[in-house]
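Hi everyone, thanks for coming along. I'd like to walk you through one structure today, so please have a look at it with me before I start talking.

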Amino acid sequence: MVNLKGGSGKSTLAVQLALSWAKARTLVLADIDPQASSALVLDRRDPTVEVVRSTGSKLPMLKTGLARRGLQCLVVDTPGSMKEDVAAAISAADLALLVVRPTYLDIAAAAVTAQMVRQLRRPALVVLNQAPPARSGVESGVVLKALEALALLRLPIAEAIVRSRAVFGRATELGRAVSDVEPASPAAAEIDALAREIGQALQFAQTPEAGYLIHT
Ligand SMILES: Nc1ncnc2c1ncn2[C@@H]1O[C@H](COP(=O)(O)OP(=O)(O)OP(=O)(O)O)[C@@H](O)[C@H]1O
Ligand SMILES: [Mg+2]
């Protein structure tokens with residue numbers, strides 16, 4: 001989860017995606033943000049998610065060690081500053097998730113991170129978070145405008161959009177999955193859809209010839 005911009009929802013999505021994937025996979029969440037928000041909320045609360053506090057420079061070694069243990073999934077939460085650590089996380093990742101809020105200033109700020117991702121030539125997916133919910137099936141103008149602006153980042157954009165919903169804050173602070181706190185809620189469905197889409201992108205990215213295919 002990356003974005004050199006605070007508050008976009010990196011930790012919220014790191015925790016929620018980790019809890020979702022951990023239901024079917026062995027998983028570690030590495031928190032390289034000194035504020036350690038996701039480590040704080042998850043520490044010892046959920047036995048399915050092992051939490052490691054780390055730094056960008058330690059990630060390659062951590063990855064090797066975890067792969068030796070046969071671990072299937074590593075989620076990395078990163079700080080909203082500290083370019084070098086964020087670059088190290090992008091380099092270590094099979095897929096960098098650029099988490100962005102749908103505002104002009106957020107998208108402008110995300111351009112710096114998007115450029116970093118492109119320079120490092122790593123697969124990435126832009127995830128829209130804290131978007132206003134669609135009303136009666138009609139997408140909000142804010143989201144439509146944001147999607148247009150996000151196209152300028154020249155990175156693939158996730159179809160799954162995560163909306164602004166109070167349960168995300170409530171559940172995440174408790175270190176619990178939204179699907180446990182509010183089963184069958186729109187929030188749970190959004191995380192489920194995003195987790196699946198990322199899973200598909202990762203399989204795609206792992207085929208040797210895929211290279212930049214997911215980088216449109
Ligand atoms: N989809 C959402 N709906 C409602 N609130 C959200 C959502 N995503 C995040 N938030 C809230 O936005 C705030 C910032 O989220 P979070 O801490 O995950 O961002 P961050 O990108 O990790 O920030 P930082 O860069 O400071 O680490 C929190 O209060 C969180 O509860
Ligand atoms: Mg955070």
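S136 sits in the loop between strand 5 and helix 6. One thing to keep in mind from here on: this is a predicted model. Is S136 buried or exposed? It has 4 C-beta neighbours inside 10 Å, so it counts as exposed. Its backbone is worth a look too, because most residues other than glycine have a negative phi. S136 is not a glycine, and yet its phi is positive, at about 45°.

How many residues does the largest nonpolar core have? The answer is 63, and the ones with the most contacts inside it are A18, L29, A89, I90, L97, L98 and V127. Helix 1, residues 10-21, is the element that gives the most to this core, with seven residues. As a general background remark, in soluble globular proteins nonpolar side chains tend to be buried together.

Setting aside residues up to four places away in sequence, V127 touches L13, L97, L98, V99, A158, V162 and L194.

On to helix packing. Two packed helices are described by the angle between their axes and the distance between the axes. Let me begin with helix 4, residues 83-92, and helix 5, residues 104-120: their axes come within 10 Å and cross at roughly 45°. The two helices are therefore oblique to each other, and helix 4 passes helix 5 in a right-handed crossing. Which residues make the contact? From helix 4 we have A87, I90 and S91, and from helix 5 we have M116, V117 and L120. By class, that contact has five nonpolar residues, one polar and no charged.

Helix 4 has another partner, helix 3, residues 59-68. Those two pack at an angle of about 30°, with their axes 9 Å apart, and this crossing is right-handed. On the helix 3 side you'll find L59, P60 and K63, meeting A88, A89 and A92 in helix 4. The tally for this contact is five nonpolar, no polar and one charged.

L74 counts as partly exposed, with 19 other C-beta atoms within 10 Å. For a sense of scale, the C-alpha atoms of L74 and V138 are separated by 36 Å, and the two residues are 64 apart along the chain.

My last stop is A36, in the loop between strand 1 (27-31) and helix 2 (37-42). With 17 C-beta neighbours inside 10 Å, A36 is partly exposed. Its contacts, not counting residues up to four places away in sequence, are D31 and R53. From A36 to V75 is 39 residues in sequence and 14 Å in space, C-alpha to C-alpha.

That's my tour, and I'm happy to take questions.

Note on methods:
Residues numbered from 1 in each chain as written. Chains lettered and ligands numbered in written order. Predicted model: local features only at pLDDT ≥ 70, side-chain atom pairs only at ≥ 80, totals over all residues. Axes fitted to C-alpha atoms, helices over the stretch in contact; angles between N-to-C directions. Helix = DSSP H or I, 4+ residues; strand = E, 2+ residues; numbered from the N terminus. Parallel < 35°, antiparallel > 145°, perpendicular 65-115°, else oblique. Left-handed = near helix turned anticlockwise from the far one by under 90°. Contact = placed C-beta atoms within 7 Å. Nonpolar A, V, L, I, M, F, W, Y, C, P; charged D, E, K, R; others polar. Core = buried A, V, L, I, M, F, W, Y, C linked by C-beta atoms within 7 Å. Buried ≥ 20, exposed ≤ 12 C-beta atoms within 10 Å, placed from the backbone.
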